[in-house]
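Colleague: I'm new to this. Could we look at the structure together and talk through the terms as we go?

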Amino acid sequence: MRKTAANLLAAAALATSIATVFAGTAVADPAGLPNAQDIVGVGSDTTQAVLNQLAADYNVTVTNPSAPHLYSWDAIPAGTITTKSGATPITRPNGSGAGITALNANTSATVDFARSSRAPQPTDPTTDDFVALAKDAVAWAAPSAGNAPANLTTQNLKDIYTCTVTNWTQINASLPNATIKPFLPQANSGTRSFFLTAIGGGTAVNPGTCVTSGVQENQGSDPALADVNALVPYSVAHYIGQVYFGKGSGADVQGPLTIRSVDGTAPVDTVNKTISSAFAATPYSRVVYNVFRDAEWTATDVHGTTLRAIFGRGGWICANGAADLKSFGFLPLSSFACGSVTHS
Amino acid sequence: MSRMRARLASSGAAVVLAVTAASGAAVADTTTTPAAGQAVITTDVAFLSNAARNGIVVIPLQPANPAFDPNAGLTVTLPVSGGAANIPAFYGDVQFGGGLLFLNLATGKSVTLKQFDFSVANGYFTAVPNGSTTPVPLLDPAGDNVINRTGLTQSLNSSSFQVDAEGANYLDAKLGTTYFTAGQQIGSLALSYTPAH
C-alpha cells in the first residue's frame, strides 16, 4: 500500500522534479509558516540546501492543500524560529548535533526530523532512527593561493589538528616556513564530528589549542579562511554543489578555497562532477541522514505513514530524489540503502 | 489436503535438514580473531509449503545450520567466513560459509550454491553455483531494514527477504520449473557481522 502510493507519487513527480533541478530554483527557509500537520526539519548545514530542493519538489506533488507538506529550516542565521503553526519557538539549531538535540527536546508539534551529516553515536538516544539519505565525503580545503600542499595524509591531518605539527615545513621541507592555521566548524557540526573521527582512524581526536573552532561549515567565504595558511574540513558534496552546479549563494560559497586530496586520493571527479569513486571508497566517505523519533517513524497513523512515504525505502526521496541529490554533489544510495534505518 | 501434504513435505525436508545439521563438525580457529557472525534466514511457512507443492526442497549444506519450527518456518543460519564491510556506511562485502542445495523432486534436477556473499553497497546476496565461478545475485533484503552497531559488531535486520530477479531466472532454468519469481517473498533476514580484528 505504501509502496503503491510511493510509486504513484514517483510517476507524477518525475517530470516536475527534473524540471525544477535544471531550472536552478533557489530555495531556503519556508516562505511562510508551515501548517501544524506539515513535516518540518532542522539541523545540518551540509544537507540543508538539498533538503530545501527535495522539499520544494515533493510539495509540487502534493495536490491536497490540507495534506502534509515538507519543509526544512536552514542552519543559519542564528536566532529564534517558529517552525510551524502552533509550534514552540526554538533557537534555530545549527548543525547535526543541535538538530538532533532539538528533535529530542520537542515533539512533532515543533520538529519532525533532524538533518544529520553524521552517523548515530553511542550518546544518541536509542530511540532515534537515522534514515539514510545519500552519500557524501569529507575532505579538507585551503585557499588556492595559500601555502597548503595539494595532498595531506591522514597522519598529517591528525598531527595538524592535534597541534603536533604546526609549521608547513614539518610536512615537507620544501613548503613555506609558516605557521599552519587549522580551522574547524562549530561544535554541533556533523562534519566536524565526522572529520575528527576519520583523521583519528575511527576514534575522534581532541583538537589542540592551535585549532580555531567556530567557522560555519562549508562556507569558504569566511574571511578567516582566506589566510594563506588556513585549512578546514569541507563536505565534498557541498563543494561540488557550490563549484560545479551553482548551488552556492551569499555566504554559502567556496570563496577562495579549493578542496584537496587525502592520502593521495582526489575527492572530486572533475569530469563527471561528482565525488570520485576512489574517494568514496575511503574512510572519508560518509552517509548523511534524516533522524526521526522511532515511535513516530514506526507508527501506523497518518504521520508515521507520511514520514515513511517521503523518506523510507521506496519512498518519494528514494524513488525520485536522485537528480536533486546529484545536482547538490551527493551520491544517491542503492535502493537497498536509501531509507534504511540505523540506530545508535 | 494439499495443506497437509505441504506440511508433510516440509516435515520431511526438516528431517533431512536435521540430519545434515547433526552431522556437522565444529571448526575452531584460534590463531587470530577472525571475522564472525551469521546470516539467519527465516523462511515463511507459506514459502516452504508452496515450494513443497512444486516439488522443490531446499537443503542447507554444512556449515550452514538448519532448524525448523512449525510456526516460524525453516531457519537457515549461514556462518560468516570472512569479508570486509561497514554495513552502516553501506560498503564492502560479507562472506558466508555453507551453501544451499535446491532440489526438484519431480524432475531430479538440482543446483548447489555456495560462497554466499552479501554486497552491502548493492544490497544483495550472491552465490556461486557448483561448477561455475560466476556469482549469481540470489536474494535481496527488502522491506524495512534496521541497522545497528554495537562495539565492533554490526547487524542488519530486514523484515522481508526476497528472491532476486536474476536468481529466480537462474533457479527456474536449472530446476526446470517456473516457480521462482522476482521479488518472491521467502521470509526475513537477521545478519550480524564482526570484522576480523
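Modeller: Happy to! V341(A) stands opposite V146(B), which lies in strand 8 of chain B. This is a predicted model, where local features need pLDDT of at least 70, side-chain atom pairs count only at pLDDT 80 or more, and totals for chains, interfaces and linings use all residues. Residues are numbered from 1 along each chain as its sequence is written, with chains lettered from A and ligands numbered from 1 in the order in which they are written.

Colleague: Why are strand 16 of chain A and strand 8 of chain B said to pair?

Modeller: Strands are DSSP runs of E with at least two residues, numbered from the N terminus. Pairing needs at least two DSSP bridges between two strands. Strand 16 (residues 341–342) of chain A and strand 8 of chain B are joined by 2 bridges, so they pair, and they run parallel.

Colleague: Which residues form the contact between the chains?

Modeller: Chain A gives 15 residues and chain B gives 13; contact means C-beta atoms, placed from the backbone, within 7 Å. On chain B's side, the largest share, 6 residues, comes from strand 8 (residues 136–150).

Colleague: What makes V236(A) stand out in the largest nonpolar core?

Modeller: V236(A) and W140(A) have the most contacts inside that core, which has 135 residues. Such a core joins buried Ala, Val, Leu, Ile, Met, Phe, Trp, Tyr and Cys residues through C-beta atoms within 7 Å; buried means 20 or more other C-beta atoms within 10 Å of a residue's own. Strand 6 (residues 128–143) of chain A gives the core its largest share, 11 residues.

Key:
Contact = placed C-beta atoms within 7 Å. Helix = DSSP H or I, 4+ residues; strand = E, 2+ residues; numbered from the N terminus. Buried ≥ 20, exposed ≤ 12 C-beta atoms within 10 Å, placed from the backbone.
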